[in-house]
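Please look at the model first, then read the points in order.

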Amino acid sequence: EFNPQNLGNTAWAFATTGVDAPRLFGAIATAAQPRLGQLNAQDLVNTAWAFACVDWKEPKLFVALADASAERLDSMGDEHLSQLCLVS
């Protein structure tokens with residue numbers, strides 16, 4: 001079983017390849033969403049970037065990512081915040 005970081009890393013890896021894998025991204029989104037609170041700032045940014053990169057159309061996931069990111073604003077550096085801005 002993948003931990004939340006592994007799920008985000010897998011999404012990021014497939015997003016960088018440009019491979020069309022909606023079933024994979026759907027499974028990752030379903031598995032990752034309830035565990036986003038376990039991710040650190042960089043993992044949240046990577047996960048958000050991956051789903052934005054593949055033009056994922058699931059607002060529920062992005063709301064969960066935004067909520068988890070908001071909870072970690074104090075631990076996010078400028079680089080994390082600027083990367084999140086690029087996602088939108």
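The points below go from the overall fold to the aromatic residues.

1. Fold. This is a predicted model. The protein has five helices and zero strands. From the N terminus on, the order is α-α-α-α-α. The radius of gyration is 12 Å, close to the 12 Å that the globule rule gives for 88 residues, so the protein is as compact as a globular protein of that length.

2. Extent and packing. Along the principal axes, the C-alpha atoms fill a box of roughly 35 × 25 × 20 Å. Of the 88 residues, 40% are buried. Among contacts with a separation of 6 or more, 72% join residues 24 or more positions apart.

3. Surface and charge. The protein exposes about 5200 Å². Carbon and sulfur atoms supply 56% of that area. There are 5 positive and 10 negative charges, and their mean positions lie 10 Å apart.

4. The structure holds four aromatic pairs. In one of them, Trp12 and Trp49 have ring centres 6.4 Å apart and planes at 45°, so the pair is tilted. Trp12 sits in helix 1 (residues 4–17) and Trp49 in helix 3 (residues 41–53), 37 residues apart. Trp12 is partly exposed at 40% relative accessible area. Trp49 is also partly exposed, at 32%.

5. The phenylalanine pair. The ring centres of Phe25 and Phe51 are 5.5 Å apart and the planes stand at 85°, so this pair is edge-to-face. Phe25 lies in helix 2 (residues 22–32) and Phe51 in helix 3, so the pair ties together parts 26 residues apart in sequence. Are these two residues buried or exposed? Both Phe25 and Phe51 are buried. With Trp56, they form one aromatic cluster.

Notes
Residues numbered from 1 in each chain as written. Predicted model: local features only at pLDDT ≥ 70, side-chain atom pairs only at ≥ 80, totals over all residues. Heavy atoms only, no water. Helix = DSSP H or I, 4+ residues; strand = E, 2+ residues; numbered from the N terminus. Rg over C-alpha atoms; globule rule 2.2 N^0.38 Å. Buried < 20%, exposed > 50% of the residue type's maximum accessible area, 1.4 Å probe, protein only. Contact = heavy atoms within 4.5 Å. Areas by Shrake-Rupley, 256 points an atom, 1.4 Å probe, with all protein chains shown as cover. Lys, Arg positive; Asp, Glu negative; His and termini not counted. Charge placed at Lys NZ, Arg CZ, Asp CG, Glu CD. Phe/Tyr/Trp six-rings, centres within 6.5 Å; stacked < 30°, edge-to-face > 60°.
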